[in-house]
Amino acid sequence: MITLDRIYHARYVLKQVIRETDVIYAPKLNTDSEIWLKTENLQITGSFKVRGAYYRMSQLSDEEKAKGVIACSAGNHAQGVALAAAKNGIKSIICLPDGAPISKVEATKSYGAEVCLVKGVYDDAYAEALRQRDEHGYTFIHPFDDENVIAGQGTIGLELLEQIPDLDAVIVPIGGGGLISGIAFALKSLNPKIKVYGVQAAGAPSMYKSVKDGGIQRLDSVSTIADGIAVKEPGVNTFEIVSKYVDDIVTVSDDEISAAILALMEQQKLVSEGAGAVPVAAAMFNKVPVKGKKVVCLVSGGNIDVTILSRVIKRGLLMTGRNITLTIELLDKPGQLMDVSRIIAELGGNVISIHHERANEGSAVNGCYLRLVLETRNYEHIEEIRSALRDYGFKIINE
């Protein structure tokens with residue numbers, strides 16, 4: 001099993017390869033706590049995954065290195081394996097589902113891997129990777145359920161103890177569990193008083209359910225914007241380590257994740273993918289007891305698909321009261337629109353979209369509807385605008 005000596009050895013091996021990422025202060029994310037961010041989104045390849053992948057490959061025999069390695073991933077693990085293999089002079093094959101985003105396919109190729117696109121979904125790509133492993137004698141590099149991979153990820157825990165010696169708690173994302181297993185083992189072995197909290201997406205709570213039920217559970221399906229942690233079943237090793245060393249696991253919704261991604265961009269100038277933002281979401285929305293504590297949120301990766309970024313930002317704006325759609329019932333007579341605009345302007349709201357239509361069946365003959373999209377400061381600001389409109393006599397339909 002994993003040992004502290006192995007994690008220290010991994011740190012020695014990785015010293016000349018990876019970046020020791022900064023820990024930065026984030027005072028606005030939760031004003032009741034002292035929040036710090038471990039910026040693994042700024043790691044080479046844009047994620048922590050290169051740590052475990054490189055250390056795993058460094059421990060291969062000469063015969064295994066000569067035959068090459070194979071992995072299955074649609075994201076950060078693929079890029080970590082590809083870079084680690086290239087740096088070790090090892091042939092690497094990455095099996096990806098044929099529907100994987102073009103950006104991720106090209107990024108994996110750019111690090112030197114041979115990409116094998118497999119018709120179907122992740123499970124089909126995984127089966128093909130195992131088939132090629134058996135046929136050609138490649139070594140399969142598991143994304144999380146491997147002792148050397150876990151030891152590589154555990155080097156983050158050693159860095160945290162040096163960067164913030166008086167740390168109270170750390171919040172870590174969980175997919176298959178490799179990252180939190182390494183960090184929790186390292187921290188608890190050296191300072192058992194530090195709390196370790198895990199966070200999963202509400203649409204992919206495999207480890208959460210497994211730990212609560214006391215046995216490994218496999219989900220029928222997963223659905224979340226945090227694709228990096230959309231794992232149906234945790235590993236055997238990771239389940240055992242998490243059950244023993246992690247203090248609690250919570251879940252966050254996609255709306256909360258979107259709000260965290262937006263907050264990281266606006267307040268910290270950091271780009272995070274969904275999986276990397278889940279610890280920040282847990283801190284922002286008080287999912288774990290962090291009040292008055294010095295807490296590190298592990299921002300595990302920054303490889304967000306830019307094609308969905310605008311949608312994520314929109315959800316984040318809605319979640320935090322920065323954007324609202326109001327439908328107002330008016331009388332179809334001159335001056336009504338001017339009065340609505342004046343009230344909103346006086347209160348500092350900004351109209352970014354407007355749609356006016358005459359009323360339909362069931363409403364007054366001289367009635368009409370006004371649908372407005374507004375930029376607002378927060379939920380209190382929204383309620384202030386709604387109250388002023390109601391007080392003036394306007395009827396808001398979508399209360």
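Modeller: Let's start at His-77. Leaving out residues up to four places away in sequence, His-77 touches Lys-49, Ala-71, Cys-72, Ile-141, His-142 and Pro-143. Keep in mind that this is a predicted model.

Colleague: Which helix is His-77 found in?
Modeller: His-77 is part of helix H4, residues 76-88.

Colleague: Is His-77 buried or exposed?
Modeller: Buried. Its relative accessible area is 3%, and the cut-off for buried is under 20%.

Colleague: How far apart are His-77 and Ile-141 in space?
Modeller: Their C-alpha atoms are 9.2 Å apart. In sequence, 64 residues separate His-77 and Ile-141.

Colleague: Let me zoom out. How many helices and strands are there in the chain?
Modeller: The chain has 15 helices and 14 strands. Its C-alpha trace spans about 85 × 50 × 40 Å along the principal axes.

Colleague: What share of the residues count as buried?
Modeller: 55% of the 399 residues. The accessible surface of the chain is about 17,500 Å². Carbon and sulfur atoms hold 49% of that surface.

Colleague: And contacts between residues 24 or more positions apart, what percentage do they account for?
Modeller: They account for 72% of the contacts with a separation of 6 or more.

Colleague: How many positive and negative side chains does the chain have?
Modeller: There are 43 positive and 49 negative ones. The centres of the two sets lie 2 Å apart.

Colleague: Now helix packing. At what angle do H1 and H2 pack?
Modeller: About 95°, with the axes 10 Å apart. H1 covers residues 4-14 and H2 covers residues 49-58. That angle makes H1 roughly perpendicular to H2.

Colleague: Which residues make the contact?
Modeller: From H1, Arg-6, His-9, Ala-10, Val-13 and Leu-14. From H2, Arg-51, Tyr-54, Tyr-55 and Ser-58.

Colleague: What about H11 and H12, how far apart are their axes?
Modeller: 8 Å, and the helices pack at about 95°. H11 is residues 254-268 and H12 is residues 274-284. So H11 is roughly perpendicular to H12.

Colleague: Which residues of H11 and H12 meet?
Modeller: H11 brings Glu-256, Ile-257, Ala-259, Ala-260, Ile-261, Ala-263 and Leu-264. H12 brings Gly-274, Ala-277, Val-278, Val-280, Ala-281 and Met-284.

Colleague: Where does Lys-269 lie?
Modeller: In the loop between H11 and H12. Lys-269 counts as exposed, at 66% relative accessibility.

Colleague: What is the phi of Lys-269?
Modeller: About 60°, a positive value, although Lys-269 is not a glycine. Most residues other than glycine have a negative phi. Asn-286 also has a positive phi, near 55°.

Colleague: Where is Asn-286 placed?
Modeller: In the loop between H12 and strand S10, which is 294-299. Asn-286 is partly exposed, at 49% relative accessibility.

Colleague: New topic, H10. Which of its residues are buried?
Modeller: In H10, residues 236-245, the buried ones are Asn-237, Thr-238, Phe-239, Ile-241, Val-242 and Tyr-245.

Colleague: You mentioned H7. Where is Gly-154?
Modeller: Gly-154 sits in H7. Its relative accessibility is 0%, so Gly-154 counts as buried.

Colleague: Which residues is Gly-154 in contact with?
Modeller: Setting aside neighbours within four places in sequence, Gly-154 contacts Ile-7, Gly-182, Ile-183 and Ala-186.

Colleague: How far is Gly-154 from Met-319, C-alpha to C-alpha?
Modeller: 34 Å, with the two residues 165 apart along the chain.

Colleague: Last area, the start of the chain. Which strand is Thr-39 found in?
Modeller: Strand S2, residues 34-39. Thr-39 counts as buried, at 2% relative accessibility.

Colleague: What does Thr-39 touch?
Modeller: Thr-21, Asp-22, Ile-24, Leu-270 and Val-299, not counting residues up to four places away in sequence.

Colleague: And Lys-28, buried or exposed?
Modeller: Exposed, with a relative accessible area of 62%. Lys-28 lies in the loop between strand S1 (23-25) and S2. The C-alpha atoms of Lys-28 and Ala-263 are separated by 8.9 Å. Along the chain, Lys-28 and Ala-263 are 235 residues apart.

Terms used. Residues are numbered from 1 along each chain as its sequence is written. This is a predicted model: local features need pLDDT of at least 70, side-chain atom pairs count only at pLDDT 80 or more; totals for chains, interfaces and linings use all residues. Side-chain values use heavy atoms; hydrogens and water are left out. Helices (H or I, at least four residues) and strands (E, at least two) are DSSP runs, numbered from the N terminus. Buried means under 20% relative accessible area, exposed over 50%, partly exposed in between (1.4 Å probe, protein chains only). Contact means heavy atoms within 4.5 Å. Accessible areas come from the Shrake-Rupley method with a 1.4 Å probe; for residues, only the protein chains shown count as cover. Lys and Arg count as positive and Asp and Glu as negative; His and the chain ends are not counted. The place of a charge is taken as NZ of Lys, CZ of Arg, CG of Asp or CD of Glu. Axes are lines fitted to C-alpha atoms, for helices over the stretch in contact, and angles run from 0 to 180 degrees between N-to-C directions. Angles under 35 degrees count as roughly parallel, over 145 as roughly antiparallel, 65 to 115 as roughly perpendicular and the rest as oblique.
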